[in-house]
Amino acid sequence: MIPKPRFDLSEPGTILFTAERAFHGRHLTAFCLSLRERDNRSSFLAEPSAYMTSRGLTTDEQQLVTDRNWTELLRRGAHLQSVLKLAATHGGNLFDIGAHNVGSSIDQLVESCPRTVSRLPEEL
């Protein structure tokens, strides 16, 4: 089990997505969102460095993507939903990002969730 969250909004425990952070990370968000297109995903997976360079990512940012450093991408201003597109391109999901953020394995994170959702309710 991972430790219980502190329930405060101070970093590093919570990454506040502020307007300033979003502005500085807008090119990261745009890069990640570009992966919604099949052709872009294929280009990225075939030649990651060339694709990231064509999207204006710095060498440092490219290393974050290569390392799948989800937490630092969020700190640099990439929007969570866009980072999820990047994770999905590699076969990942929100649990990959969350586990990285709290420094645990995916299994530990899932085990620590207070409840599981096995299906949607029949009536909404």
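Is Arg76 buried, partly exposed or exposed? At 28% relative accessibility, Arg76 counts as partly exposed (buried means under 20% relative accessible area, exposed over 50%, and partly exposed in between, with a 1.4 Å probe and protein chains only).

## About the model

This is a predicted model, in which local features need pLDDT of at least 70 and side-chain atom pairs count only at pLDDT 80 or more, while totals for chains, interfaces and linings use all residues. Residues are numbered from 1 along each chain as its sequence is written, and side-chain values use heavy atoms, with hydrogens and water left out.

## Salt bridges

Side chains of opposite charge can pair when their charged atoms come close. Three salt bridges are present here (each a side-chain nitrogen of Lys or Arg within 4 Å of a carboxyl oxygen of Asp or Glu).

One of them pairs Asp60 with Arg76 at 2.7 Å, N to O. Asp60 sits in helix 5 (residues 59–67) and Arg76 in the loop between helix 6 (70–75) and helix 7 (80–89), so this pair ties together parts that are 16 residues apart in sequence. Helices here are DSSP runs (H or I, at least four residues), numbered from the N terminus. Asp60 is partly exposed, at 41% relative accessibility.

Glu72 has a salt bridge with Arg76, with the closest N and O atoms 3.1 Å apart. Through shared partners, salt bridges join Asp60, Glu72, Arg75 and Arg76 into one network.

Glu72 also pairs with Arg75, at 3.7 Å between the closest N and O atoms. These two residues are three apart in helix 6, so about one helical turn separates them. Glu72 is partly exposed at 21% relative accessibility, and Arg75 is partly exposed at 30%.
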